[in-house]
Amino acid sequence: MSIPQTIRVSSAVNREAHYVGELPVKALPRLREALAGDGGSVQADLLAWKSSGYPALSGTLRATLDLECRRCGAVFAYALAHKLDLRLVSSEEEEARLIRDCEPYQVQDDELALHELIEDETLLALPMLPRCESCENVRKEASATTPETEMPRRENPFAALKKLKL
Ligand SMILES: [Zn+2]
């Protein structure tokens, strides 16, 4: 089954609908805005089911997206893989009750905007500080060396104060 724009939650859950398909980045305007290019698509593999009495939507989102490196400004391909396990709740009370144990997603009038949900979840899965591979390696090397060897030794400011007082 491809990915419908909207689904009726109760019937999708009852027949355990399985949605497999892809949405082009060009069709997801908020995501497109967060990226450095509009190529590619988000591949979704989602199952509607019932988890301890609650309608649920679980599965994965995968995409290769163009991001801009925060450090050097280069555009690079970011491989995103995001696992979803959402409980579809219909009120804020339900949401508040479930939020400690799982991830609630609020649905109105039994209707779920599936494309919007996929876009939301992809946005959430993007790195906060995207770094290209070479910048990421530089960062790893820097944090692997101990602070003593990396930083020039400086005198403890309190020790320096003590010396002044003597
Ligand atoms: Zn970089």
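This is a predicted model: local features need pLDDT of at least 70, side-chain atom pairs count only at pLDDT 80 or more; totals for chains, interfaces and linings use all residues.
**View 1. Strand β5 and its two pairing partners.**
Strand β4 spans residues 54-68 and strand β5 residues 75-89. These two strands pair in the antiparallel sense, over 13 bridges. Within this pairing, A56 has R87 of β5 as its bridge partner. Six residues lie between the strands of the β4 and β5 hairpin, where G73 adopts a positive phi near 80 degrees. Strand β5 also pairs with strand β6 (residues 103-106), here in the parallel sense and over four bridges. One of the residues involved is L88, whose bridge partner in β6 is Y105.

S58 belongs to strand β4. The relative accessibility of S58 is 15%, which is under the 20% limit, so this residue counts as buried. The side chain of S58 makes a polar contact of 2.9 Å with the side chain of D85. Apart from neighbours within four places in sequence, the residues in contact with S58 are D45, L46, L47, W49, L84 and D85.

**View 2. The largest pocket and its lining.**
The largest pocket of the model has a volume of about 190 Å³. Its lining includes A34, L35 and A36, together with L67, E68 and R70. L126, P127, M128 and P130 also line the largest pocket. By class, eight of the lining residues are nonpolar and two are charged, while no polar residue takes part.

Conventions: Residues are numbered from 1 along each chain as its sequence is written. Side-chain values use heavy atoms; hydrogens and water are left out. On a 1 Å grid over the protein atoms alone, a cavity is a set of points where a 1.4 Å probe fits but cannot get out, and a pocket is an open set with protein on both sides within 12 Å along at least five of seven lines; lining residues have an atom within 4 Å of a point. Grid points are joined across faces, edges and corners, and a volume is the space filled by probe spheres set on the points. Ala, Val, Leu, Ile, Met, Phe, Trp, Tyr, Cys and Pro count as nonpolar, Asp, Glu, Lys and Arg as charged, and the others, Gly among them, as polar. Buried means under 20% relative accessible area, exposed over 50%, partly exposed in between (1.4 Å probe, protein chains only). A polar contact is a pair of N or O atoms within 3.5 Å; within protein, one must be able to donate a hydrogen and the other to accept it, and residues adjacent in sequence count only if both atoms are side-chain atoms. Contact means heavy atoms within 4.5 Å. Two strands pair if DSSP finds at least two bridges between them.
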